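Here is a briefing on one protein chain. Take the overall layout first, then the individual residues.

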Amino acid sequence: MCAARLVQYVIVNGEIAKTWPKGALVAQCCHAVAAVGHLYASDPDTVEYFKDLDNMHKVVLEAPDAGKLVGLGEVLQQNDVKHKVWVEQPENLPTCIALKPYPKEEVQKYMKKFKLLS
């Protein structure tokens with residue numbers, strides 16, 4: 001797989017995207033991306049993705065609320081899509097989901113109902 005064909009999706013809880021400071025929101029995404037990169041470091045697509053650091057492709061989407069974010073996590077789990085749901089503690093608040101890098105055509109179908117984070 002060519003790294004150029006790989007994409008990493010990050011889906012943010014839209015409720016916090018509208019109310020939290022931008023820096024705090026970015027930190028949540030960074031936590032999830034770092035965690036999923038570590039969890040799946042030996043995955044062939046992850047290895048390939050990190051071979052070309054200057055050309056990584058991420059898509060950041062927004063789930064309307066925590067319930068929809070958790071629902072997406074359940075769907076991903078049921079379909080064996082490797083991901084990490086980041087839950088901020090001690091609030092126990094789901095803030096975002098990061099998928100490991102995948103060929104876009106393998107996971108895009110799960111992302112269709114979410115819009116780009118603005």
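Is proline 44 buried or exposed? Proline 44 counts as exposed, because its relative accessibility is 63% and the cut-off for exposed is over 50%. The model is a predicted one. The protein holds five helices and six strands.

**Overall fold**

- Along the sequence, the elements run β-α-α-α-β-α-β-β-β-α-β.
- The protein is as compact as a globular protein of 118 residues, because its radius of gyration of 14 Å is close to the 13 Å from the globule rule.
- Along the principal axes, the C-alpha atoms fill a box of roughly 40 × 25 × 25 Å.
- Of the 118 residues, 41% are buried.
- Take the contacts between residues at least 6 apart in sequence: 77% of them join residues at least 24 apart.

**Surface and charge**

- The accessible surface is about 6600 Å².
- Carbon and sulfur atoms account for 55% of that surface.
- The protein has 14 positive and 14 negative charges.

**Asparagine 13, in strand β1**

- Strand β1 covers residues 6-13, and asparagine 13 belongs to it.
- Asparagine 13 is buried, because its relative accessible area is 0% and the limit for buried is under 20%.
- A polar atom of the asparagine 13 side chain lies 2.9 Å from the backbone nitrogen of glutamate 15.
- The asparagine 13 side chain also reaches the backbone oxygen of proline 94, at 2.9 Å.
- Beyond its neighbours within four places in sequence, asparagine 13 is in contact with Ala63, Asp65, Ala66, Leu69, Leu93, Pro94 and Thr95.
- Valine 60 is 47 residues from asparagine 13 along the chain, and their C-alpha atoms are separated by 11 Å.

**Glutamine 28, in helix α2**

- Helix α2 spans residues 22-39 and includes glutamine 28.
- Glutamine 28 counts as buried, because its relative accessibility is 4%.
- Which side chain does glutamine 28 join in a polar contact of 2.9 Å? The partner is the side chain of threonine 95.
- Threonine 95 is also among the contacts of asparagine 13.
- With neighbours within four places in sequence left aside, the contacts of glutamine 28 are Trp20, Trp86, Glu88, Thr95 and Cys96.

**Histidine 83, in strand β3**

- Histidine 83 is part of strand β3, which covers residues 83-88.
- At 11% relative accessibility, histidine 83 is counted as buried.
- The histidine 83 side chain reaches the backbone oxygen of valine 81 at 2.7 Å.
- Residues up to four places away in sequence aside, histidine 83 touches Val36, Tyr40, Gly73, Leu76, Gln77, Ile97, Ala98 and Leu99.

**The β3-β4 loop**

- Strand β4 covers residues 93-99, and proline 90 sits in the loop between β3 and β4.
- What kind of peptide bond joins glutamine 89 and proline 90? The bond is cis, with omega about 10°.
- Asparagine 92 also has its place in the loop between β3 and β4.
- Phi of asparagine 92 is positive, near 60°, in a residue other than glycine.
- Asparagine 92 counts as exposed, because its relative accessibility is 53%.

- Aspartate 80 is in the loop between α4 (66-78) and β3.
- Phi of aspartate 80 is near 55°, a positive value in a residue other than glycine.
- With 52% relative accessibility, aspartate 80 counts as exposed.

**Proline 44, in helix α3**

- Helix α3 runs over residues 44-49 and contains proline 44.
- Leucine 99 is 55 residues from proline 44 along the chain, and their C-alpha atoms are separated by 14 Å.
- Leucine 99 is also one of the residues that histidine 83 touches.

Note on methods: Residues are numbered from 1 along each chain as its sequence is written. This is a predicted model: local features need pLDDT of at least 70, side-chain atom pairs count only at pLDDT 80 or more; totals for chains, interfaces and linings use all residues. Side-chain values use heavy atoms; hydrogens and water are left out. Helices (H or I, at least four residues) and strands (E, at least two) are DSSP runs, numbered from the N terminus. The radius of gyration is taken over C-alpha atoms; the globule rule is 2.2 Å times the number of residues to the power 0.38. Buried means under 20% relative accessible area, exposed over 50%, partly exposed in between (1.4 Å probe, protein chains only). Contact means heavy atoms within 4.5 Å. Accessible areas come from the Shrake-Rupley method with a 1.4 Å probe; for residues, only the protein chains shown count as cover. Lys and Arg count as positive and Asp and Glu as negative; His and the chain ends are not counted. The place of a charge is taken as NZ of Lys, CZ of Arg, CG of Asp or CD of Glu. A polar contact is a pair of N or O atoms within 3.5 Å; within protein, one must be able to donate a hydrogen and the other to accept it, and residues adjacent in sequence count only if both atoms are side-chain atoms.
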